[in-house]
Amino acid sequence: MTKKSLGLIALLTSTVLAGALSAQTISVPAAAAAAPKQQKLIRVSTLNSIEGNQEFQKNVQLLQTQRQQAVEINAALEKETDAAKKKDLKGKLDELMKTLNDNNQKMVKAYGFSLERNYTLVPEVAHVYMFVTDEEAERHEKEQAAIAAKEKAAAAAAATKEKAGAKKK
């Protein structure tokens, strides 16, 4: 087993990923959380759709499952005394760690997410729906169209005013 694999298993052993993403916090290593330096949140990814959010949650769940399997196999490996079974467990662990590392790298590329960090998931947009009659829906659509037209006119007026101010300078 490589030093990197042992380090990642140790990191994963101390890792606590949130059980439910609905809590909106994804905690990872305890060591990183105890860092003495002041830290701040930065946005690393934006999930632009329900499907994107579901895919992200599915991928995080996959990493959680693989991490837990690695911890369990590593614990079994440490307890095992039979050399043949130990070799089999080591092979399974090495294969799982390769897959876990590969998937972790895919998450880094796709979302800026790594098992080595703590994350907070902040829903920035939420859509609220209700059932209405056809008449209510039509009235609502007209109201929304009027609001959108006012906002568009205000934005156009602001842009015109900004252009006029820029020409004077």
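Predicted model: local features only at pLDDT ≥ 70, side-chain atom pairs only at ≥ 80, totals over all residues.
Colleague: Which residues have the most contacts inside the largest nonpolar core?

Modeller: A core of this kind is built from buried residues joined through side-chain atoms. Here the largest one has 17 residues, and Phe 56, Leu 63, Leu 93, Met 107 and Phe 113 have the most contacts inside it.

Colleague: Which elements give two or more residues to this core?

Modeller: They are helix 3 (50-79) and helix 4 (83-111). Helix 4 gives the most, with seven residues.

Colleague: How are helix 3 and helix 4 placed, roughly parallel or roughly antiparallel?

Modeller: An angle over 145 degrees between N-to-C directions counts as roughly antiparallel. The axes of helix 3 and helix 4 cross at roughly 155° and come within 9 Å, so the two helices are roughly antiparallel to each other. The crossing of helix 3 past helix 4 is left-handed.

Colleague: What residue classes make up the contact of helix 3 with helix 4?

Modeller: The contact has 15 nonpolar residues, along with eight polar and five charged ones.

Colleague: Is Asn 104 buried or exposed?

Modeller: The cut-off for buried is under 20% relative accessible area. Asn 104, which sits in helix 4, has 7% and is therefore buried.

Colleague: What does the side chain of Asn 104 reach?

Modeller: For a polar contact, look for a pair of N or O atoms within 3.5 Å. The Asn 104 side chain reaches the backbone nitrogen of Leu 115 at 2.9 Å, and makes a polar contact with the side chain of Ser 114 at 3.4 Å.

Terms used:
Residues numbered from 1 in each chain as written. Heavy atoms only, no water. Core = buried A, V, L, I, M, F, W, Y, C linked by side-chain atoms within 4.5 Å. Buried < 20%, exposed > 50% of the residue type's maximum accessible area, 1.4 Å probe, protein only. Helix = DSSP H or I, 4+ residues; strand = E, 2+ residues; numbered from the N terminus. Axes fitted to C-alpha atoms, helices over the stretch in contact; angles between N-to-C directions. Parallel < 35°, antiparallel > 145°, perpendicular 65-115°, else oblique. Left-handed = near helix turned anticlockwise from the far one by under 90°. Nonpolar A, V, L, I, M, F, W, Y, C, P; charged D, E, K, R; others polar. Polar contact = N/O pair within 3.5 Å; in protein donor to acceptor, adjacent residues only side chain to side chain.
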